[in-house]
Amino acid sequence: MDGTGAVTPGSAGDETQPSPLGSAKLDVRPIRSSYLQVAEQLRDLIRGGDLTPGQRLPAEPDMASLFGVSKGTIREALRILSSEGMVTTRRGVRGGTFVVEPDASKVEGTLSNAFNILAVTNKVTSNDFLDAWKAIDVPASGLAARRRGGEYADALIDACRRPELDGSREQSLEFSADFHNLLLKASGNQLLELMGRPVSAVARARFSGTSPTEDFWHMNCTEHSRIAEAIIAGDVAAAEAATADHIESLRPYYRAQREG
């Protein structure tokens, strides 16, 4: 600890291993009580880039001295961050607590679980999910049109040709999902894809309680084809309009499920 109260991480009693943050010093406010406050400051350091993915946090005694709390308080704060997927603990000679490397699949899984719970508990309505789905897929289709579908152009067209599915609602829903997931990929925007898949998946799960007719699935494929054609033609306005119209066309079926 220097005269300002800052500590160089990893420096205390460790002459064989370099500091996990080099010569950087953590700018924190001393805390006398809550592990929640420690966790919040560590979150801020991670979000702000002072502690970066893959970096090792200071040892518990160093952090306890830095924050002015016990090692037990530090341990509780780290447990919170671990449960949030922000840090992970490794054992062994090269062990310690490290900032987690970003993993898109884990983020998507967390969103999916949260959205499903919201849907099951009716905290969020079907209309909310449809609005969110529309808010994501419409700009995604516009971006896809700017790229004319990119490497997914042929796959988008193929995904519009609904095969014989023996009347299976589950297979039909899966086939429809493939098209929307390809649309998100074709946008080239990873964040839209990351957010869009969980939203549309929950929206489709809410739809699974309905019994759409063969005419519905024919309409669904026709609308998908209209979207794909506009994307491949590079017509941004047409792609966005077709996508918005398509999602709006689903509202009566969700309404029928709710009223049924």
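Which residues does Trp133 touch, not counting residues up to four places away in sequence?

1. Trp133 touches His180, Val199, Ser200, Ala203, Arg204, Ile247, Leu250 and Tyr254, where contact means heavy atoms within 4.5 Å. Before reading on, note that this is a predicted model, where local features need pLDDT of at least 70, side-chain atom pairs count only at pLDDT 80 or more, and totals for chains, interfaces and linings use all residues. Residues are numbered from 1 along each chain as its sequence is written, and side-chain values use heavy atoms, with hydrogens and water left out.

2. Trp133 also turns up in the largest nonpolar core, which has 35 residues; Phe129, Trp133, Leu156, Phe179, Leu183 and Ile231 touch the most other members. Such a core is a set of buried Ala, Val, Leu, Ile, Met, Phe, Trp, Tyr and Cys residues joined through side-chain atoms within 4.5 Å; buried means under 20% relative accessible area, exposed over 50%, partly exposed in between (1.4 Å probe, protein chains only). Elements giving two or more residues include H4 (104-120) and H10 (236-249), but H5 gives the largest share, 7 residues. Helices (H or I, at least four residues) and strands (E, at least two) are DSSP runs, numbered from the N terminus.

3. There's a second, separate core of 20 residues, with Ile46, Met63, Ile74 and Met86 among them.

4. Strands S1 (residues 87-90) and S2 (residues 96-99) run antiparallel, joined by 4 bridges; strands pair if DSSP finds at least two bridges between them. Thr88 sits opposite Phe98 in S2. The hairpin has 5 residues between the strands, and Gly92 there takes a positive phi near 105°.

5. Gln37 belongs to helix H1 (residues 35-47) and is partly exposed, at 39% relative accessible area.
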